[in-house]
Structure formats: C-alpha cells, structure tokens
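Q: I would like to learn how to read cavities, pockets, helices and ring pairs in a model. Can we take them one by one?

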Amino acid sequence: MEYRKLPHGTENISVLGIGMGGIQDCPDEEIEKTVAAAIEHGVNFFDLCAGGKNVYEPFGRAMEGKRDKIYLQVHFGAVYNSKGEYAWSRNFTEIKETFDWELKALGTDYVDMGFLHCVDQEEDYDELVRIGVFDYIKELKAEGIVRHIGFSSHTPLVANRILDTGLIDMMMFSINPAYDLEQGDEYGIGTNAERAALFRRCEAEGVGISVMKPFHGGKLLSAKSSPFGQELSRYQCLQYALDRPGVLTCVPGVRNYEDLEALIGFAESAEEEKDYSVIGSFTSEKIRGNCVYCNHCQPCPAGIDIGLVNKYYDLSAEGDQMATDHYRKLQIKADACLHCGHCDGRCPFGVAQGARMAAIADYFA
C-alpha cells in the first residue's frame, strides 16, 4: 500500500481509503469483517458519511486495538433518522447530538477529520457558520477531539471560499474523468479549468484532498452507462484521481465484502492495469494540449521526470513558491531536454512536451 503524508499534519494516509456510505444493508458481522479486512490490507482511512446508524458499532469493534493506526473522516451535518437511515441537517442541536453519539458508538474519544458536510452552495456555508457549527468544530479542534478541520463539496466556487479561511487541512471533492472533462451529472460542477485550478490551489496551500465518486457512481465501469461510451476499470479511475494535484486518498464506497475484494488488489496491480491514457481519445477538445501528469511519455532519454516538471511549473505559475523551490532542487530539469521527440510521440493528450520543456526552462531561468 502506498501512503501519502497530510501536509498540515503527521498522518500517513493510505491512497486507497474506504467509504462506508453503502454497507448499511449488510449484517453486522459482514460490516465488521469488511472493515477488519480493509485494515489488514493496509487501508487506514475511512469516511463514515452516509452509512446507516447500524454501521458504527461493528466498525468500532473492527478497529478495536488499532485506533491509533486508523484515520476517521466524520461529517458535521450528516445525521440519522428514527429508522437509522442517513439524512443531513442544518440544526445545531441535532448535529451535536449525532457527533456525541458517533464517538460513543465507535468507542473513541476523538476523530481525525471533522468536516463541514455537503457544502455545495454558498448558502450552505453561510448557514453552517450562522448556526455555529463551524465555531463548534474549531472548539473541538482546540480541545483535541477533532484533529483536523475539513469540508466536503462539489463546487469549486464554494470550495475556494472556504479555503480562504486558512483553517482547512482537508477537502473532500468529487474527482473522475467524466466530471473533470465536463461529461458528468449535476455533481460535476465547474469547468475543467476551474476544477484544475482548485486542485492546484490545494496542493500549493498544503490542503489534502480525499476523493469521492471516483467511478462516477459506477457509470464509468460500464460502456453502456459511461458518458464516453467506453468502460474504465476501477484501477484506472483510482489512479486518475490519485494523479490530480493535492490528492491523498480515494474513498470509493463499498456495499459489502465483495466490493472490497474488487478494490483491494489496487495496491499490488501492475502499472499497465492502472494506465488511464485511453481517456485521451474520449473528449480531446477538453484536454488536448494539456499535461495531466500521467507520465505516459516515460522513459525520457534525458532522464527528465516530465509529469513532475509540468506539475511544478503549473503550481509555480499559480504563485506556489514551494513548487518553485522543489523544481530548483531537481537534479534533472527541463533544460536537459534533448528535443528528440520521444515524449511528443507518446503523449496521448497531444502535448508538445519538447516545446513545453523549453518554455518551462525559460520560465524558471
């Protein structure tokens, strides 16, 4: 399993996380078995939003004795009705009572990520501030009950407004090729440029991203339902999301133990199984000429890490001084380009990397 460090913390988070938003129909024994198996395979990041109320106690049993190795993402605004079914609320008392219950049911006295839940419109954010939920999470962080503050959203405009507070360590956002290439549904909000700029901002400011909806609700896994008319595998979708700037982990939902089995081999899969360069043929008008850091152009005869050089350049151009510093520390920089055409011929997105290396070298010079 690969792990990535939370920039504003010490946590090393598994790139494959698990979302518990669909497993509530399973017996308690299967929920516990699924969580325990995920932990055994190196998964240490779990999103508890949208599961049923019955998920919490078996989850708590599965992580018993391992709490210090597990990172929990809990949402302030996700609540449960009298039947134990997921709902969402903007009632402070209900949100607070739900959080108190969650801690007890899980058998823990803290959560790692305390999230403002489902902030898709500016009015959502204004309401969470007005009723005191944001201040409540800040108080919990000061007390050590919440380790990091975050939020979930589908909307770049709103996400940027919350990032402006300077208080955010983690953002949960929907990332998949359909959304990023403007072939999605009502949750694929924002243009390709707006979404890309948001991800670059997160990386520049040290805000980690946990990814929801990496499979576009399962639609990308079937040619019949994919907006591109061609299926992608789970591993291709996961790798695509993990290659976006700022992303630390993907948290696809599991409905049962079988779903977990379909995911868990990702850590050991071959590079060709995760190669998503086929998307270059899907909607070329949206992505042609833009480097997506996939490194399909490798190996470079000059030894340049072309994807990384492009990423540092894009971040630096957004004002990220750290990216500039990282670029300058590279042993092999863009000016080492031989202009041999190897990368130009291999790029599935039609990027003229030779010309781009020259432009990047000039920029940093």
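Q: Which residues lie nearest the centre of the largest cavity?

A: First the idea: on a 1 Å grid over the protein atoms alone, a cavity is a set of points where a 1.4 Å probe fits but cannot get out, and lining residues have an atom within 4 Å of a point. Here 13 residues line the largest cavity, and C291, C294, C297, C347 and Q353 lie nearest its centre. This is a predicted model: local features need pLDDT of at least 70, side-chain atom pairs count only at pLDDT 80 or more, and totals for chains, interfaces and linings use all residues. Residues are numbered from 1 along each chain as its sequence is written, and side-chain values use heavy atoms, with hydrogens and water left out.

Q: What is the volume of the largest cavity, and how does its lining divide by class?

A: Grid points are joined across faces, edges and corners, and a volume is the space filled by probe spheres set on the points. The largest cavity comes to about 80 Å³. One cavity of 30 Å³ or more is counted. For classes, Ala, Val, Leu, Ile, Met, Phe, Trp, Tyr, Cys and Pro are nonpolar, Asp, Glu, Lys and Arg are charged, and the others, Gly among them, are polar. The cavity lining has nine nonpolar, four polar and no charged residues.

Q: What is the volume of the largest pocket, and which residues lie nearest its centre?

A: A pocket is an open set, with protein on both sides within 12 Å along at least five of seven lines. The largest pocket has about 920 Å³. Its lining holds 34 residues, with G21, M212, K213, V251 and G253 nearest the centre. That lining splits into 16 nonpolar, 11 polar and seven charged.

Q: K213 is on that list. What is its phi, and where is its place?

A: Phi of K213 is near 55°, a positive value in a residue other than glycine. K213 sits in the loop between β11 and α9 (234-242). Helices (H or I, at least four residues) and strands (E, at least two) are DSSP runs, numbered from the N terminus. C118 also has a positive phi, about 55°, and is not a glycine. C118 is in the loop between β8 (111-116) and α4 (122-130).

Q: What lines the second largest pocket?

A: This pocket holds about 540 Å³. Of its 26 lining residues, E203, L308, K311, Y312 and L315 are closest to the centre. α8 (192-205), β12 (247-250), α13 (306-317) and α14 (321-329) each supply at least two lining residues. α13 gives the largest share, five residues.

Q: How is the length of α8 checked?

A: The expected span of a helix is 1.5 Å times one less than its number of residues. For α8, with 14 residues, that should be 20 Å; the end C-alpha atoms are 20 Å apart, which agrees.

Q: Which residues of α8 are buried, and what do they pack against?

A: Buried means under 20% relative accessible area, exposed over 50%, and partly exposed in between (1.4 Å probe, protein chains only). In α8 the buried residues are R195, L198, F199, R200, R201 and C202. Contact means heavy atoms within 4.5 Å. These residues pack against α6 (156-163), β10 (170-174), α7 (177-180), β11 (208-212) and α13. Just after α8, G206 takes a positive phi of about 75°.

Q: How far is I168 from G206 in space?

A: They are 9.1 Å apart, C-alpha to C-alpha, and 38 residues apart in sequence. I168 lies in the loop between α6 and β10. I168 is buried, at 3% relative accessible area.

Q: How many aromatic pairs are there?

A: Rings of Phe, Tyr and Trp (its six-membered ring) pair if their centres lie within 6.5 Å; planes under 30 degrees apart count as stacked, over 60 as edge-to-face and the rest as tilted. The count is 14. Among them, Y56 and W101 are edge-to-face, 5.0 Å centre to centre with 65° between the planes. Y56 lies in helix α2 (residues 56-62) and W101 in helix α3 (residues 92-106), so the pair ties together parts 45 residues apart in sequence. Y56 is buried, at 1%, whereas W101 is partly exposed, at 25%.
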